[in-house]
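Open your viewer and keep the selection tool at hand. This tour goes stop by stop.

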Amino acid sequence: MSAFYSVRIDDIPHDGFRLSTQWHAAALEGILTDTEGLFRIASPIELEVQFHLPKPQVVMEGSCAATLELFCVRCLKEFVWPLEARFRYIFWPKSKESPVEEKELGAEDIEVVYYKQGEPVDLRRFIAEQIYLNVPQYPRCQEACKGLCVRCGVNLNEQACSCAESSSLETLSPFSVLKKLKK
Ligand SMILES: [Zn+2]
Ligand SMILES: [Zn+2]
């Protein structure tokens, strides 16, 4: 199976072009970097992309979906997170004059990308960008994750510990320390 990673913008027919494909997670190796300890792509990447004309600009819009494994910032546990991103890019040939102001193009969420005419555009770069943009900055395994006990390290989502009961706040206060010193 040969995967479809790049598109020659100039070859897109007048009535547009639709790409519906699936990439192995490994397709983004070397493109998605510095993800160590942050996330892992645990499924193939589903891709739906549509190209519209009119030339010289080409609009690419679509979505990508994959299952990611993230680490909870509270309990440090790995958990599965479904990524779903919708995107829109406008390709504009480098040699041509700048496109109209982005504002005039209608939507603020459109990003203009300049490409060299005649050269293929690697789509992996955009999918990698979408993954970076959509991965939560402070991932939590669940909204109400209880985290780890700061004393015994137990995952409080999985079991209760007796740290909170056995040591009241009093024993932690500076006064209780003083009391102990006096003894
Ligand atoms: Zn958690
Ligand atoms: Zn504890």
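In which loop is the place of Glu-119? Select Glu-119: its place is in the loop between strand S7 (111-115) and strand S8 (121-122). Strands (E, at least two residues) and helices (H or I, at least four) are DSSP runs, numbered from the N terminus.

Before going on, note that this is a predicted model, where local features need pLDDT of at least 70, side-chain atom pairs count only at pLDDT 80 or more, and totals for chains, interfaces and linings use all residues. Residues are numbered from 1 along each chain as its sequence is written, while chains are lettered from A and ligands numbered from 1 in the order in which they are written.

**Stay at Glu-119.** Glu-119 is exposed, because 12 other C-beta atoms lie within 10 Å. Arg-8 and Glu-119 are 111 residues apart along the chain, yet their C-alpha atoms are separated by 6.2 Å.

**Zoom out.** The protein chain has four helices and eight strands. In sequence order the pattern is β-β-β-β-β-β-β-β-α-α-α-α. Of the 183 residues, 16% are buried.

**Select Leu-76.** Find Leu-76 in the loop between S5 and S6. Leu-76 is not a glycine, but it has a positive phi of about 65°. Leu-76 is exposed, with 12 other C-beta atoms within 10 Å.

**Go to the core.** A nonpolar core is a set of buried Ala, Val, Leu, Ile, Met, Phe, Trp, Tyr and Cys residues joined through C-beta atoms within 7 Å. The largest one has 24 residues. Select Ile-45, Leu-47, Ala-66, Leu-68, Phe-91 and Ile-127, which touch the most other members. Next, color strand S3 (39-41), strand S4 (45-52), strand S5 (58-71), strand S6 (78-93) and helix H1 (124-134); each supplies at least two residues of this core. S5 gives the most, with six residues.

**Finish on H1.** Which residues of H1 are buried? They are Arg-124, Ile-127, Ala-128, Gln-130 and Ile-131. Look down the axis of H1: the buried residues fall within an arc of 160°, so they line one face of the helix. The arc is that of the directions from the helix axis to the C-beta atoms. These buried residues pack against S4, S5, S6 and S8.

Last, pick Ile-127. Leaving aside neighbours within four places in sequence, Ile-127 is in contact (C-beta atoms, placed from the backbone, within 7 Å) with Leu-28, Ile-45, Leu-47 and Cys-64.

Methods: Buried ≥ 20, exposed ≤ 12 C-beta atoms within 10 Å, placed from the backbone. Contact = placed C-beta atoms within 7 Å.
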